[in-house]
Amino acid sequence: GMIEERSQDSHPHVAHILTFGTSLRKAVLSDLDNITTLLRRNGLRPEGVLLPHTQYWIVETDERLLGAIGLELGSKSVLLRSAVVEPQSRGKGLGRQLASEALSWARSEGYAVVYCFSTDAGSYWLSLRFQTCSVDEVVAQLANAPQVRLFADLGWLPEEVAFKLSL
């Protein structure tokens, strides 16, 4: 019989239409430059974006990228990172829709816990039902995640604040 090759994602280009002519979809490698620019412009590190064992989503209009979010995938848990919405597009729920999409995907893929680092947006993650946890726990669960390795190399881990959500 015929062997059907299945890609990692059976609907890679399906976009959800949001409000204001914006849509939300999984990011692909051709989005890398735009995501990198968006992160840099908003003071976030772009290293490790769209590496293997990561998954990203973006919100965009026809003209431009408005927001992004990423997951770095471990065996039982994931690290949520690069959660960003352009300043002029904030307050419309785009960040929450990106987070909801990423968390739903992780849950459907069988991951048990989502972690994130955040030194300045803690109240935001707490509002999404995350709880504080130790940085050591994140490192133990996701030692090979690109952002964990980067923060270790930069010497940032002692000052980081970590959050977790059980899926």
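Analyst: Contact means heavy atoms within 4.5 Å. This is a predicted model, in which local features need pLDDT of at least 70 and side-chain atom pairs count only at pLDDT 80 or more, while totals for chains, interfaces and linings use all residues. Residues are numbered from 1 along each chain as its sequence is written, and side-chain values use heavy atoms, with hydrogens and water left out.

User: OK, what does Leu-80 touch, leaving out residues up to four places away in sequence?

Analyst: With those set aside, Leu-80 touches Ile-69, Gly-70, Leu-71, Leu-103, Val-114, Tyr-115, Cys-116, Trp-125 and Phe-130. Leu-80 is also among the residues of the largest nonpolar core that touch the most other members, together with Trp-57, Leu-71 and Phe-130. A nonpolar core here is a set of buried Ala, Val, Leu, Ile, Met, Phe, Trp, Tyr and Cys residues joined through side-chain atoms within 4.5 Å, where buried means under 20% relative accessible area, exposed over 50% and partly exposed in between, with a 1.4 Å probe and protein chains only.

User: How many residues are in that core, and which element gives the most?

Analyst: The largest core has 25 residues, and helix H2 (94-108) gives the most, with 7 residues. Helices (H or I, at least four residues) and strands (E, at least two) are DSSP runs, numbered from the N terminus. A second, separate core of 14 residues includes Tyr-115, Cys-133, Ala-145 and Leu-157.

User: Tyr-115 again, then. Which residue stands opposite Tyr-115 in E8?

Analyst: Tyr-115 stands opposite Lys-164, within the antiparallel pairing of strand E6 (residues 113-117) and strand E8 (residues 162-166), which runs over 5 bridges. Two strands pair if DSSP finds at least two bridges between them. E8 also pairs in the antiparallel sense with strand E7 (residues 131-133), over 3 bridges, and there Thr-132 has Phe-163 as its bridge partner.

User: Switching to aromatics, how many pairs are there?

Analyst: There are 6 aromatic pairs, by a rule in which rings of Phe, Tyr and Trp (its six-membered ring) pair if their centres lie within 6.5 Å, with planes under 30 degrees apart counted as stacked, over 60 as edge-to-face and the rest as tilted. One of them joins Tyr-124 and Trp-125, whose ring centres are 5.0 Å apart with planes at 80°, so that pair is edge-to-face. Phe-151 and Trp-156 form a tilted pair, with 5.1 Å centre to centre and 50° between the planes.
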